[in-house]
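Colleague: I have a chain on the screen and would like to learn how to read it. Could you take me through its features one at a time?

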Amino acid sequence: MPARVTNSRTPPTPPDLRLPDTVRPVTNLVDLTVDPSSEDVTGTITTTLDVTRPTDVIWLNGDEITITKALVVVGQQQVPVQVLYPKKGYIGLWLDRELPVGRVGLSLAYTAKDHVDDCDGIYRT
């Protein structure tokens, strides 16, 4: 499970519609495992992010996905992450400190629902 961020801060409010432009992906390496006998898929994504303004939260779009491990790396230092699911369609990666402007690494391991014949998210026919 993702690390628990222990602090007394108020959790961030998710965006209303569009994700903020404080963090942008530069490169992605995705590994996805689909098991035909299961309704779930598992995977990992390793991303290089460009932080355009200091921020302590990374917002993602996502439904029916559970992040089982989250790791943010600034230089050689790991930054603890707490995963938030504040409302449908949004996932927050809340950090225990602000990310500086520049490149950072993000690694996620996750499970997600595999849909049959509904064309939503990962699906099969």
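**Reading the chain**

Modeller: Start with one residue and its surroundings. Leaving aside neighbours within four places in sequence, L93 is in contact with D56, V57, I58, L60, I67, V81, Q82, V83, L106 and L108. Keep in mind that this is a predicted model.

Colleague: Which residues touch the most other members of the largest nonpolar core?

Modeller: The general idea is that in soluble globular proteins, nonpolar side chains tend to be buried together. Here the largest nonpolar core has 18 residues, and I58, I67, V72, L93, L95 and L99 touch the most other members. Two or more residues of this core come from each of β2, β4 (65–74), β6 (81–87), β7 (89–99) and β8 (102–113).

Colleague: And the chain as a whole: how many helices and strands are there?

Modeller: The chain has zero helices and 10 strands. Buried residues are 33% of its 125 residues. The exposed surface comes to about 7,800 Å², of which carbon and sulfur atoms supply 51%.

Colleague: What share of the contacts with a separation of 6 or more joins residues 24 or more positions apart?

Modeller: That share is 72%.

Colleague: In what order do the strands of the open sheet lie?

Modeller: The open sheet of five strands runs β1-β2-β8-β4-β5, with antiparallel pairing. Its edge strands are β1 (23–34) and β5 (77–79), each of which pairs on one side only. From one strand to the next, the twist averages 20 degrees.

Colleague: How is β1 joined to β2?

Modeller: A hairpin of five linking residues joins β1 to β2. The two strands, with β2 covering residues 40–51, pair in the antiparallel sense over 11 bridges.

Colleague: Over how many bridges does β2 pair with β8?

Modeller: β2 and β8 pair over 12 bridges, again in the antiparallel sense. One of the residues to look at is T44, which lies in strand β2 and stands opposite A109 in β8.

Colleague: Which residues does T44 contact beyond its neighbours within four places in sequence?

Modeller: Those contacts are L29, V30, D31, L108, A109 and Y110. For D31, the C-alpha atom is 5.2 Å from that of T44, although the two residues are 13 apart along the chain.

Colleague: Is T44 buried, exposed or something in between, and why?

Modeller: T44 is partly exposed because its relative accessible area is 33%, and that class lies between the 20% and 50% cut-offs. When you look at side chains on a strand, remember the general rule that in a regular strand they alternate between the two faces of the sheet.

Colleague: Let me try a loop residue next. Where does P36 lie, and is P36 buried or exposed?

Modeller: P36 is in the loop between β1 and β2. P36 counts as exposed because its relative accessibility is 68%, and the cut-off for exposed is over 50%.

Colleague: How far is P36 from D114 in space, C-alpha to C-alpha?

Modeller: The distance is 9.3 Å from C-alpha to C-alpha, for two residues 78 apart in sequence.

Key: Residues numbered from 1 in each chain as written. Predicted model: local features only at pLDDT ≥ 70, side-chain atom pairs only at ≥ 80, totals over all residues. Heavy atoms only, no water. Pairing = 2+ DSSP bridges. Helix = DSSP H or I, 4+ residues; strand = E, 2+ residues; numbered from the N terminus. Axes fitted to C-alpha atoms, helices over the stretch in contact; angles between N-to-C directions. Core = buried A, V, L, I, M, F, W, Y, C linked by side-chain atoms within 4.5 Å. Buried < 20%, exposed > 50% of the residue type's maximum accessible area, 1.4 Å probe, protein only. Contact = heavy atoms within 4.5 Å. Areas by Shrake-Rupley, 256 points an atom, 1.4 Å probe, with all protein chains shown as cover.
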